[in-house]
Amino acid sequence: STCTVQTVFSDGELSSGAYGNGAIVVVDGNGFAYPPNEPTKRVDTATSLDGGNTWTYMLIGSGGNKGMTFANGSFVTIEHNGGASALWSDDGLNWTRSDLNIPDWDNGTHLFFAWSGCVGYGDGTWIMSGWMVDWKGSDKDGYPVMRMSKDNGRTWSGSGMNYDYCFSTIAYGNGVFVAVPATYYTGVAQGTLYVSTDGGYNWNL
């Protein structure tokens, strides 16, 4: 087999991608990506239905996206900044925004900051993790946020979750969620893992 290297975005940051339902979906993480040879068309998402030969470009969020994941028939990603929202799609082309229902979000004072934002899925449960900061503050002067969805990313809640953590990766297997903390924000030593055995409600080292 052969591997072909291609430029999907120009002036952007390819932050994550996923494959499902015959579609490859990749997202830009900084909110300032452009299709090759189209320097004035701002986009944050590219979808290919033919194995990466051609791409459809879209602006689905307000400032870049993180943690693109496909599971249980749906793509889910979270906005990098400018909005406290998740975005979901079944086909990678038509996207719907869903509110993360973060209590302190008040239309301008705070910023949902997802440099380390991630999304994981397991056993009917989606879990997202990110970082909340003040618009005018340092990116470290914030706090972690976690949310859970039981309906494929359509609605989100933190109800029943024991604590908020900022993770960079969440994975699931054999009945257990495993997560890697975002060391830049949390100060947790590299190589540390958190584990949840109750569906993401409680996490332990």
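## A ring pair

Let us begin with Trp 126, which counts as buried because its relative accessibility is 0%, under the 20% cut-off. This is a predicted model, and Trp 126 forms an aromatic pair with Tyr 121. The two ring centres lie 5.0 Å apart with 55 degrees between the planes, a tilted arrangement. Tyr 121, at 21% relative accessibility, counts as partly exposed.

## Other aromatic rings

How many aromatic pairs does a search of the whole structure find? It finds 8. One aromatic cluster is formed by Phe 167, Tyr 172, Phe 177, Tyr 194 and Trp 203.

Charges also meet rings here. Arg 154 lies over the face of Trp 88, 3.4 Å from the ring centre. The charged end of Arg 42 sits over the ring of Phe 32, at 5.0 Å from its centre.

## The chain as a whole

You will find 14 strands and 1 helix in the chain. Of its 205 residues, 48% count as buried. The accessible surface comes to about 9,600 Å², and carbon and sulfur atoms hold 48% of that surface.

Among contacts with a separation of 6 or more, 44% join residues 24 or more positions apart.

## Confidence

The chain has a mean pLDDT of 84, with 82% of its residues at 70 or more. Which element has the lowest mean pLDDT, and which the highest? Helix H1 (residues 183–186) has the lowest, at 64, while strand S3 (residues 45–48) has the highest, at 95.

Notes: Residues are numbered from 1 along each chain as its sequence is written. This is a predicted model: local features need pLDDT of at least 70, side-chain atom pairs count only at pLDDT 80 or more; totals for chains, interfaces and linings use all residues. Side-chain values use heavy atoms; hydrogens and water are left out. pLDDT is the predictor's confidence in each residue, from 0 to 100. Helices (H or I, at least four residues) and strands (E, at least two) are DSSP runs, numbered from the N terminus. Buried means under 20% relative accessible area, exposed over 50%, partly exposed in between (1.4 Å probe, protein chains only). Contact means heavy atoms within 4.5 Å. Accessible areas come from the Shrake-Rupley method with a 1.4 Å probe; for residues, only the protein chains shown count as cover. Rings of Phe, Tyr and Trp (its six-membered ring) pair if their centres lie within 6.5 Å; planes under 30 degrees apart count as stacked, over 60 as edge-to-face and the rest as tilted. A charge sits over a ring if NZ of Lys or CZ of Arg is within 6 Å of the ring centre and within 35 degrees of the ring normal.
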